[in-house]
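Dear colleague,

Please find the structure below, handed over for your files.

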Amino acid sequence: MESNPVAAAKMSPQMKAYRKNMQRKRKRAEESPQEKAERRASNRTRMEANKESNNKRRRLTRSDNTSDESNETRRMSNRVRMQQERDKSRRRKNFSDRIKLLMFYAARAIQVTNTDVTGKTNREHRSHVCLVCDCFLMGAYPNGVPSMSMEEVRQHRERLSVRKYEEYNDITLKESLKREYTVPGFEGMLLSRRSRKVARGRYA
């Protein structure tokens, strides 16, 4: 494999390592038995020297920490670190418990907010729909779901009436469609049957 300085400069680190490994293997394959023995002896000598150097450095480190004061300091540091870890774990658990409790209260509040008071058992869960525009009421309402009384709705009887709608759009609605948008107590008006009472006499 010929060496090209320009090509080598453009090679990736993985390719360079591969080329270097192949060159080493080819060189070792061309070695004589005596050269192989010398190389292995040199490797063993280098490994022994590295091992002795590491052991010496380890012994020096241990000798620096053999005093009672340093051992006591290390034990104290370990105890403080363990106590900090326990405190962190306790805080995480308490925070998780608070989140679960808040989620429970939120779910219960939503259930109460969306309870259909028009039913006999008051246990049916339904989403809020506007009586006038037939759209879902999205979001949370801390002060209660926006509502309007029957008298307030009847004040707009003319603009929400079937006759006004037919005159404005110049069409005639089918009777089945009129029945679909007729709410009891508001005959002659086009309102949403999906809406419901959120309190006595008040609609969403």
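Lys178 forms a salt bridge with Glu166, with 3.6 Å between the closest N and O atoms; the term salt bridge is used for a side-chain nitrogen of Lys or Arg within 4 Å of a carboxyl oxygen of Asp or Glu. Because Lys178 belongs to helix H7 (residues 175–180) and Glu166 to helix H6, this pair ties together parts that are 12 residues apart in sequence. Helices (H or I, at least four residues) and strands (E, at least two) are DSSP runs, numbered from the N terminus. Glu166 is buried, at a relative accessible area of 17%. Here buried means under 20% relative accessible area, exposed means over 50%, and partly exposed lies in between (1.4 Å probe, protein chains only).

The model is a predicted one, in which local features need pLDDT of at least 70 and side-chain atom pairs count only at pLDDT 80 or more, while totals for chains, interfaces and linings use all residues. Residues are numbered from 1 along each chain as its sequence is written, and side-chain values use heavy atoms, with hydrogens and water left out.

Lys178 also meets Glu175 in a salt bridge between their side chains (3.5 Å, N to O). These two residues, Lys178 and Glu175, are three residues apart in helix H7, so about one helical turn separates them. Glu175 counts as partly exposed, at 49% relative accessibility. Elsewhere, salt bridges that share partners join Glu158, Arg163 and Glu167 into one network. Within that group, the side chains of Arg163 and Glu158 form a salt bridge of 2.3 Å, N to O. Arg163 is partly exposed, with a relative accessible area of 43%, and Glu158 is likewise partly exposed, at 42%. The structure holds five salt bridges.

Lys164 is placed in helix H6 (residues 162–169) and is partly exposed, its relative accessible area being 38%. Leaving aside residues up to four places away in sequence, Lys164 touches Glu158 and Arg159, where contact means heavy atoms within 4.5 Å. Lys164 and Met189 are 25 residues apart in sequence, and their C-alpha atoms are 9.4 Å apart in space.

Ser149 lies in strand E1 (residues 148–149) and is buried, with a relative accessible area of 13%. Its contacts, not counting residues up to four places away in sequence, are Gly201 and Arg202.

As to the cysteines, the structure holds zero disulfides, a disulfide being a pair of cysteine sulfur atoms within 2.5 Å. For Cys133, the closest cysteine sulfur is that of Cys130, and the 3.5 Å between them is too far for a bond. For Cys135, the closest cysteine sulfur is in Cys133, at 3.8 Å, which is also too far for a bond. Cys133 is partly exposed, with a relative accessible area of 44%, and Cys135 is partly exposed, with 41%.

Finally, Phe95, Ile99, Leu102 and Met103 make a nonpolar surface patch of about 430 Å². Patches are made of residues with over 30% relative accessible area and no salt bridge, like charges being joined within 9 Å and nonpolar side chains (Val, Leu, Ile, Met, Phe, Trp, Tyr) within 5 Å. Accessible areas come from the Shrake-Rupley method with a 1.4 Å probe; for residues, only the protein chains shown count as cover. Leu102 lies in helix H4 (residues 68–113) and is exposed, with a relative accessible area of 55%.

With kind regards
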